[in-house]
Amino acid sequence: MKTFTGVLFAALFALMLLPGCGAGSNEKPSTDKVNETIKAAAANEYVPIDQSPLDISYFPADYTQHKLTDLSYTAMPVARVLYSRPHRKGRPIFGEAATNLCPYGKPWRLGANEATEIEFFKPVIISGKNIAAGKYTMYAIPYEDKWIIVLNTNLFSWGLQIDPAKDVVRTEVPVQEQTPALEDFTMEFMPASMGAYLLMAWDNVKVMLPISFTT
């Protein structure tokens, strides 16, 4: 019995000395090891990995956390935006030249891949106009000092297929400096006294679209 107990104690002690991978471990993987793992990852055999991943931003921002942690939570969000996030990758983004990724005066889909889509779960007001609850495509026409933001009902279009007859609202928002410059295009709702601003930022530029809530 003593021999068995001693062996068991030794085994348990040895296990305690092994590096843990659960919540009790304080060891963090080094950045080098993480990068090596990413580089060594095999290509997906079913579909190539998209270089401009789809992202979703909600208002309120903590809507998804409430849904995950509280089964009794039934409130709907006010809005959400679905967009693909391109990376700068050293390219010139906004400017006069045709070589810029988003030349001044040219419509831009506010992302990559499929047209950017914004959805309102209740009526809102943009630039003094009542916008009904529902889904809309969204694009911008950037200039050095302003962006023209457009909501349109031409849904499910790949890229940007503009049909001006389906424009719901057009509004201008001033350009602000973004510091530091952002590598990844970002859209995010930010709370405001009248409702929310939709932040759109990339490289060294950002704009804020005011959205007023009717109730």
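Biologist: What joins the side chains of asparagine 113 and serine 84?

Modeller: A polar contact of 3.4 Å joins them. The term stands for a pair of N or O atoms within 3.5 Å; within protein, one must be able to donate a hydrogen and the other to accept it, and residues adjacent in sequence count only if both atoms are side-chain atoms. This is a predicted model, so local features need pLDDT of at least 70 and side-chain atom pairs count only at pLDDT 80 or more, while totals for chains, interfaces and linings use all residues. Residues are numbered from 1 along each chain as its sequence is written, and side-chain values use heavy atoms, with hydrogens and water left out.

Biologist: Why does asparagine 113 count as buried?

Modeller: Its relative accessibility is 18%. Buried means under 20% relative accessible area, exposed over 50%, and partly exposed in between (1.4 Å probe, protein chains only). Asparagine 113 therefore counts as buried. The residue lies in strand E5; helices (H or I, at least four residues) and strands (E, at least two) are DSSP runs, numbered from the N terminus.

Biologist: Why is asparagine 100 called buried?

Modeller: Its relative accessible area is 11%, so asparagine 100 is buried. It is found in the loop between strand E3 (94-95) and strand E4 (102-103). A polar atom of its side chain lies 3.3 Å from the backbone oxygen of phenylalanine 94.

Biologist: How many aromatic pairs does the structure hold?

Modeller: It holds 11 aromatic pairs.

Biologist: What makes the pair of phenylalanine 94 and tryptophan 147 tilted?

Modeller: The ring centres are 5.3 Å apart and the planes stand at 50 degrees, so the pair is tilted. Rings of Phe, Tyr and Trp (its six-membered ring) pair if their centres lie within 6.5 Å; planes under 30 degrees apart count as stacked, over 60 as edge-to-face and the rest as tilted.

Biologist: Why are tryptophan 108 and tryptophan 202 called stacked?

Modeller: Their planes are at 15 degrees and their ring centres 5.8 Å apart, so this pair is stacked. Tryptophan 108 sits in the loop between E4 and strand E5 (112-120), and tryptophan 202 in strand E12 (residues 195-213), 94 residues apart. Tryptophan 108 is buried at 8% relative accessible area, and tryptophan 202 is buried at 0%.

Biologist: What makes the charge of lysine 146 count as sitting over the ring of tyrosine 143?

Modeller: The charged end of lysine 146 is 5.6 Å from the ring centre. The rule asks for NZ of Lys or CZ of Arg within 6 Å of the ring centre and within 35 degrees of the ring normal. Lysine 146 also forms a salt bridge with glutamate 172, the closest N and O atoms being 3.2 Å apart.

Definitions and conventions
Salt bridge = Lys/Arg side-chain N within 4 Å of Asp/Glu carboxyl O.
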